[in-house]
Amino acid sequence: MNTSGPVEYFILDGLKNSYVLPIFFTVYVSILSGNSMIIYLVRTDPKLNTPMYFFLHNLSFSDIVYTSVTIPKMLSVLLTEVKTISKTGCFVQMYFVLSTGVTGRALLTVMAFDRYVAICNPLRYTTIMTRRLCILLIFASWGFGVIIVLPPAIWATQLPYCGPNIVRHMFCDHSSVVSLACVDTTRNGIFSLTNALIALLSTFLFILISYVCIGKAMTKMSKAQQLKVAATFVSHLIVVCISYVSATFVYISYRVARFDPDVRIVIAVLYSVLTPLLNPIIYSLRNKELQDAMKRAFCRCTVTFKTSTKTVPSVA
């Protein structure tokens, strides 16, 4: 759709098949349920009052925000076929997608540092990972996500949009929206790519350094100790691999000119829901402490339910 004046709204024109509606709905409910469960367990179970679960609690909250910014609008488009989104709403969605995406990786970096201290400096763990340091690391993670994406997001809002206004995506993806500007966006694209690489590579580098140090420490341990130590970080390592591999595929798809647009949309959507969906599953299946916390929570709920359903004998 071409417009004669400045664009006041955008049209989200991504996947057109309505059969994906129940899939997205099921995925979204699963993401909310799984991550809310982790937040509830960490906040109510005293045995999970450790730095690792404090960081996991924040990662789950970040995943909920990340998916809540995009999936409800996707469901609305598929359900009502009203594909428009206001210009302001589009840029707000774009910013939160970028910000929470970076924050998630910063939290994964903090969790890698926590595992490094626990494995390489076990005797000093409690003195290093104090409550104050944990809170500072959380503020640093969220602050990193908030600040580093501000320049490309603000620059995108300053570009002139005079038509077309059809976003070839399921949500207001930065690259898809900026490509609609009426001016040359080469510099904007280079700046945005540089910013993204800084966010991705800096966090990945810190994670890599942490695991190299962990690997060196494990070489000095016995086989039994290595298995015991590996059990404490394997869940985190799986999540890191899934997160960065999927992010790599997304960025490659945007840099290959001949890449099918529909396939690119599918990859981007999978990327936006895959890690938030798998995080609770991976941590729950691989973590005995979380499994035990779920059993305790279930027992508490069962006892409460039985108590509340007891009937008082009636007076004749």
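## Aromatic pairs

Rings of Phe, Tyr and Trp (its six-membered ring) pair if their centres lie within 6.5 Å, and planes under 30 degrees apart count as stacked, over 60 as edge-to-face and the rest as tilted. With that rule, a search of the whole structure turns up 10 aromatic pairs. In one of them, Tyr95 and Phe96 have ring centres 5.7 Å apart and planes at 80 degrees, so the pair is edge-to-face. Tyr95 counts as buried at 17% relative accessibility, while Phe96, at 37%, counts as partly exposed. Here buried means under 20% relative accessible area, exposed over 50% and partly exposed in between (1.4 Å probe, protein chains only). Elsewhere, Phe10, Phe91 and Tyr161 form one aromatic cluster.

A word on what you are looking at: this is a predicted model, where local features need pLDDT of at least 70, side-chain atom pairs count only at pLDDT 80 or more, and totals for chains, interfaces and linings use all residues. Residues are numbered from 1 along each chain as its sequence is written, and side-chain values use heavy atoms, with hydrogens and water left out.

## Charges over rings

A charge sits over a ring if NZ of Lys or CZ of Arg is within 6 Å of the ring centre and within 35 degrees of the ring normal. Arg131 lies over the face of Phe54, 4.6 Å from the ring centre. The charged end of Arg105 sits over the ring of Tyr244, at 5.7 Å from its centre.

## Helices and annotated spans

The chain has 11 helices and 3 strands, taken as DSSP runs (helices H or I, at least four residues; strands E, at least two) and numbered from the N terminus. The unreviewed UniProt entry annotates "transmembrane region" at residues 20-42, 54-72, 92-113, 133-155, 196-217, 229-253 and 265-285; such annotations may be inferred rather than shown by experiment.

Two of these spans can be checked against the model. Residues 133-155 are 96% helix and 0% strand, with end C-alpha atoms 34 Å apart. Residues 196-217 are 100% helix and 0% strand, and their end C-alpha atoms lie 32 Å apart.

## A buried histidine

Is His174 buried or exposed? His174 is buried, with a relative accessible area of 9%, and belongs to helix α7 (residues 174-178). Leaving aside neighbours within four places in sequence, His174 is in contact (heavy atoms within 4.5 Å) with Met94, Leu98, Pro152, Ala156, Asn188 and Ser192.

## The chain overall

Of the 316 residues in the chain, 44% are buried. Along its principal axes, the C-alpha trace spans about 75 × 70 × 35 Å.
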